[in-house]
Amino acid sequence: MEIKSPTFKDNSAEALKDVNLQKALGKVRTGFIDKRAKAAEALPEFEDLRDRARDIKDHVLDHLDLYLERYTEKVEAAGGHVHWAETAEDARNQIMEICRRLNARTVTKGKSMITEEIGLNEFFEENGVTPVETDLGEYIIQLRGEHPSHIIAPAVHVTKDQVEEEFRAKHTHLDPNRNLEEPTTLLGEARAVLRQKYFDADVGITGANFLIAETGTSIIVTNEGNGDLTQTLPKAHIVVASIEKIVPTLEDVSQILRVLARSATGQDMSVYTTFSTGPKRDDDPDGPGEYHVILLDNGRSSMLGSDYQEMLRCIRCGACMNHCPVYHAVGGHAYGWVYPGPMGAVLTPSLIGVDKSGHLPNASTFCGRCEAVCPMRIPLPKMMRHWREREFERNLNSATVRYGLGVWAYFAKRPSLYQFMTGLSMRALGLLGRTKGRFGSLPLAGGWTKYRDLPAPEGKTFQQQWAERQKTKQREAA
Amino acid sequence: MSSSPSASPRVGLFVTCLVDLFRPSVGFAAVKLMEDAGCTVEVPAAQTCCGQPAFNSGDRKDAREIAEQVIRAFEPYDYVVAPSGSCAGMLKKHYPELFEDDPQAHERAENFAEKVHELVSFLTDVLGVKSVDAAFRGSVTYHDSCSGLRELGVKDQPRKLLKTVAGLEIKEMRDPDVCCGFGGTFCVKYPDISNKIVSQKTDTVRETGAGTLLAGDLGCLMNMAGKLKREGSAIEVRHVAEVLAGMADGPAIGEKAKG
C-alpha cells in the first residue's frame, strides 16, 4: 500500500472538504461512543477486566519467545503448519507459495488488517490470483478500489447512498429497478453475490484476533459469519497474524474477549467467536484440508523493550479512533497508511518509520480520551510524545518550529528577562487591542487568526500587577 | 512542613503563562478565592511557564530544565496551585516522568507533585470549600477541559461551587467532555483540523442558549472565545474562577472594556 502519511496535512484538508465523508463521520461521533459507554456501565467489573487484560498481555510480551514456541508446537501437533515471516515480503511469498501449490485462482478473505499491512490484495492481483473480500464493509471498499478507513468498520467513510450507487454500478447482472432503500437489502444483495464465491475459493484467508499458546488455536471474532465460511469451505485455511496476538490460555482469552466487543461496538460479545485448531480431522463433517499460520514480525520484535512495547497490547478494537476528535474531523484515510487514529499514530511510526509518518503523532490535541477508553490501558498520548522526542532528537522538525521553540525556551528559563520582555510586549499588545478587545489578524499569528480572533491581553501582566500590589502593601504596613 | 488545616496554609500560586500575559484578572480571582478560604497566597517571581510547549514538542531537555526551575521556586510551599488543569497536570503528572532516569530527582519531583493542585479542586477537595460568596446574573455552560478532566478528575467540583453562586443557572452542553481543539501548539500546527473541532464545540455551546461559557483553562477559553467572536456570537467567555470569586464584572475574554 502506498504510504501517503507525509501529506497528512493535504489529505486532511481534502477530507474536511469532502461532504460525503463528513456526513459519514457523523455516525462515528455518536453511535460507537454511546454504545461503548452503555456496555461499560452495564458491567460492574469492566474496569477490573481492563486491568486484567492489560496484565495478561504484559505478561505475554515479557515472555513472548516462550509462548510463541509453545504455540507453534501445539499448531503442529494439531496437524497445522507455522511459517515465520520476518517481513511483509516474506509473508506474501509464503502465502503465494501455498496458493501456487494448490493452483488457487480465487481466494476468499475474512476481514484482516494484517493483510492490509502486507499489501496482500495488490500482490495477489499482480500474480493472477483473485482476492474476494467477504466482510460487507471490506467488500464495499474493494468494489470502490479503496483501503479501510477504520480498523473494525472499514467502510465507515462511505454513506449508504454511495453503497447503493456502487452496487448498481457493479452488480450489473441484477434488475436495475430493484429496490435498495433499506440497508438490509444491501446486505442481502452482498450476501447473495458472495455466496458462490465461497464455493469457488481454493484458499480462505483470515486474520486472527488471538492465538492461544496452550492449544495452538486461532480465534476470529466477526458479526457476519463470513469468516467461518471463508475458513471452512476451501482446501486450505491460511491465518495471517502478527506475533503479539499470542495469549497463554483459553481462560486468558475469555477475559480479554469480555472487554473487546464492549469497547469496539458495545456488544457483550461479537455475534461469532470462532476457534480454529488445525485442519479438518478425519471425523470432522467439514473444514479445510490444510491449516497454515503465517506469523508476522514486520518490525514488532524491535518494539519489545522500547518506549513502544505497550503498543503491542493493542487488540484492535478501534475505541481510540471512535473517541478521537482528530479522527472525527478527518477520518481514517487522511492518516495515509494502514492504521489510523491514535493507535495508528503510535504504531505506524514503529512500522514504517517516523521520518515518513511524523505528522501522525503530532496531529493530536493530547485530549487523552483514547487512553481513557482503551481496554488495554495503552498510554497512547505518552507514546505519541515519545515519537515527538525521537523526531526532535533526529532534527526532523521544521527549522521554524525548532527556532521558535529555542527562542521561547531561552526566555522561559530566564524569569527576570522573560518578565521584562513580556511586560513590555503585553502592554503594547494590550494597547493595540484595546478598542476591540481582540485581533482579527496579527503578524506571526496567522495559524491562530485564520479561523478565530485572538483575544487581546488585558495590559499589565499579572506579575507586574502583583509586584505593585506587594509594594503598596509594604508601604501601608510601614 | 505541611500545615494542619486549621493553620493558614501557605500556597504558591503558579499563575500560568497565559493568565500572566493575557488575563491577569484570573490570577487575582484565584488569589481571592484562596485567601477567602484562609490561605496565605504568595507568587514566586521565578516562574514563567510549566514547560508544556517543550515537553509536547519532544524537547525533553528544555522541559526538564524548566521543571527544575519550577520545583526549586515552589518547593517551600505547603501547596502549589494553578488556575489550569493543563498546567497543574503537567506539574503533577508529567514532572515526575521527566526525571525517571534519576532516582533522586525523581523522588524530589514526586514529593513536589503531591503538593500540586488545580485551583477549583483544591478549593473543594483540599480546603473543603462548599460554597462561594458570589452572585452572577444569567445562565452559564461549563466545558470540561481535557487535562483537568482526564489527568486530574476535575468534573463535579466546579459545578458544585457554581451551583452556590447566587442567580446563576447552569445549562449543560452536549458532550462537555469533548476536546475544544486547542491542544497547545496543535491549534497552530494543524489549524484546519483545530478549526473543525472548535466549530463543533461552539455549535454545542450555542445550542444550550446559555449567555456565558465557562471553563478552567485559559488556552481552551481563548480558543473557544476566539471562535465564538469570529462567528459573531454574543456569548461571553470567562474563566470559572472569575465567576466563583465574584469578579466577573470586567470585560469577558476577547471583549473590549465597556463604556
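Two strands count as paired if DSSP finds at least two bridges between them. Strands and helices here are DSSP runs numbered from the N terminus, with at least two residues of E for a strand and at least four of H or I for a helix.

This is a predicted model, in which local features need pLDDT of at least 70, side-chain atom pairs count only at pLDDT 80 or more, and totals for chains, interfaces and linings use all residues. Residues are numbered from 1 along each chain as its sequence is written, and chains are lettered from A and ligands numbered from 1 in the order in which they are written.

I start with the sheet in chain B. Strand β7(B), residues 212-215, runs parallel to β8(B), and four bridges join them. One bridge pairs L213(B) with V237(B) of β8(B). The open sheet has four strands, in the order β6-β5-β7-β8 of chain B, with parallel pairing. At its edges stand β6 (166-170) and β8 (236-239) of chain B; each has a single partner strand, so one side of each has no neighbour in the sheet. From one strand to the next the twist averages 35 degrees.

Now the helices of chain B. Axes are lines fitted to C-alpha atoms, for helices over the stretch in contact, and angles run from 0 to 180 degrees between N-to-C directions. Contact means C-beta atoms, placed from the backbone, within 7 Å. The axes of α11(B), residues 191-208, and α12(B) come within 10 Å and cross at roughly 75 degrees. That makes α11(B) roughly perpendicular to α12(B), a label that covers 65 to 115 degrees. From α11(B) the contact takes V198(B), S199(B), K201(B) and T202(B), and from α12(B) it takes N223(B), M224(B), K227(B) and L228(B). By class, this contact has three nonpolar, three polar and two charged residues. Nonpolar covers Ala, Val, Leu, Ile, Met, Phe, Trp, Tyr, Cys and Pro; charged covers Asp, Glu, Lys and Arg; the others, Gly among them, are polar.

Over to chain A. Helix α15(A), residues 341-352, and α19(A) have axes that come within 9 Å and cross at roughly 35 degrees. P342(A), M343(A), A345(A), V346(A) and P349(A) of α15(A) meet L380(A), M383(A), M384(A) and W387(A) of α19(A). The residues of that contact are nine nonpolar, no polar and no charged.

Last, the interface. The contact takes 50 residues from chain A and 58 residues from chain B. On the side of chain A that touches chain B, α19(A) gives the most, with five residues. That side has 25 nonpolar, twelve polar and 13 charged residues.

Technical notes: Two residues are in contact if their C-beta atoms, placed from the backbone, lie within 7 Å. Angles under 35 degrees count as roughly parallel, over 145 as roughly antiparallel, 65 to 115 as roughly perpendicular and the rest as oblique.
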